[in-house]
Amino acid sequence: MLVKSSEKVQSLEPANTAKSSGVVTSSKDSANNLWKNKIVAKQEQVQVLTHWSIRGTLSQELAKAEQSEATIRSLYAGLERLAKQLNTQAANSKPQAMQQRSISSQITSLQSTVNKKGSGLDSQLMITDPTRPITRKLNANIDLVSTRPHEENIHLMMGRSGKSLNLTLPANQDERANFNAVQSAFSQHQISVELSRENRLLFSAQKENSGPLLEPWIMSGQGVRVAAGNPISLQLSEISNPLNELADVANKNASVQEHRDQIQAAQRHLKANLVKVQAKRQQLLAQLQQLDTASSLNNSEQLTTVSSNAKQQMMSSGANSVTVIMAQANVTRNMVQYSLN
């Protein structure tokens, strides 16, 4: 009986072992599932946070674009009122003293609109874009392009940047060849060169390479343009916008026709930039609609794709690019609430 009893006890051991093994396996599976669920939950949270972050940035940029459009329309309307006042006078006449003061006052008011914080326009009456190159113009008295009868060797030291260049212009070389030589010399410092309508040299560089354009230059060398042994200090100046040019016309009491011509030039400039602003606004609206559609359909894969595409477009450096400011201070209330839950 004892042996049989012992056998019964022994026969129970495998069953107990199997049951214990099943409990351990079940615990491991539960732990794995819990871990996987946490990862999935975190991924979903990141997707939602990303969605709200990009949506907040797009909304912010849309508000800026709308403000830029409103400012442009306000400036255009102000110029239109000014043009109508001048239409009552003969083209070759000059504004009377009282009218001249009124014109100057109206132009000053328009300039204040541009300079006001949050106007949405930069100093060139264009939509604010930090990725746009910085441009400066050379003094009108300095001519590096026209044909000269003697060979010239010019040395330029560009401010405290430590950058310098040497420029050789052969005798009787034509203006196109001289301009090409200037372009080639400055391109070594990531500075591009163009000619304005007034045949003045314009120098442009991205912000990270713009240091040399913001400080005085020292020019020395030999030739007609530069007297030997007499270095010249050059200060590049900011390009005037059409409103500033109109103010110059008013200050010198030019003819009514000159006023009209400059007003039309300013309006053409504003129209061109209005088209760009409207295109940017439509792009932003389309991106917002895509984000909202993907979110409403609860399509996480589509939402991730749309968010990624929107972010890539915002960070591109194209003409209609949108500046990305992903600062935590700009996180929306919905994002904060979601992250705290």
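Modeller: Glu 61 forms a salt bridge with Lys 64, with the closest N and O atoms 3.5 Å apart. This is a predicted model, in which local features need pLDDT of at least 70 and side-chain atom pairs count only at pLDDT 80 or more, while totals for chains, interfaces and linings use all residues. Residues are numbered from 1 along each chain as its sequence is written, and side-chain values use heavy atoms, with hydrogens and water left out.

Biologist: Why is the contact of Glu 61 with Lys 64 called a salt bridge?

Modeller: The term requires a side-chain nitrogen of Lys or Arg within 4 Å of a carboxyl oxygen of Asp or Glu. The closest N and O atoms of Glu 61 and Lys 64 are 3.5 Å apart, and the pair therefore qualifies. The two residues are 3 apart in helix α1 (residues 2–86), so about one helical turn separates them. Helices here are DSSP runs of H or I with at least four residues, strands are runs of E with at least two, and both are numbered from the N terminus.

Biologist: What makes Glu 61 buried or exposed?

Modeller: Buried means under 20% relative accessible area, exposed means over 50%, and partly exposed lies in between (1.4 Å probe, protein chains only). Glu 61 has 2% relative accessibility and therefore counts as buried. Lys 64, with a relative accessible area of 37%, is partly exposed.

Biologist: Which parts does the salt bridge of Glu 215 and Arg 160 tie together?

Modeller: The side chains of Glu 215 and Arg 160 meet at 3.0 Å, N to O. Glu 215 lies in the loop between β5 and β6 and Arg 160 in the loop between β2 and β3, so the pair ties together parts 55 residues apart in sequence. Glu 215 counts as buried at 18% relative accessibility, whereas Arg 160 counts as exposed at 74%.

Biologist: How do you know on which side of α2 the buried residues lie?

Modeller: The buried residues of α2 are Gln 99, Ile 103, Ile 107, Leu 110, Gln 111 and Val 114. They cover an arc of only 115° around the axis, which puts them on the same side of α2; the arc is that of the directions from the helix axis to the C-beta atoms. On the other side of α2, Met 98, Arg 101 and Asn 115 are exposed.
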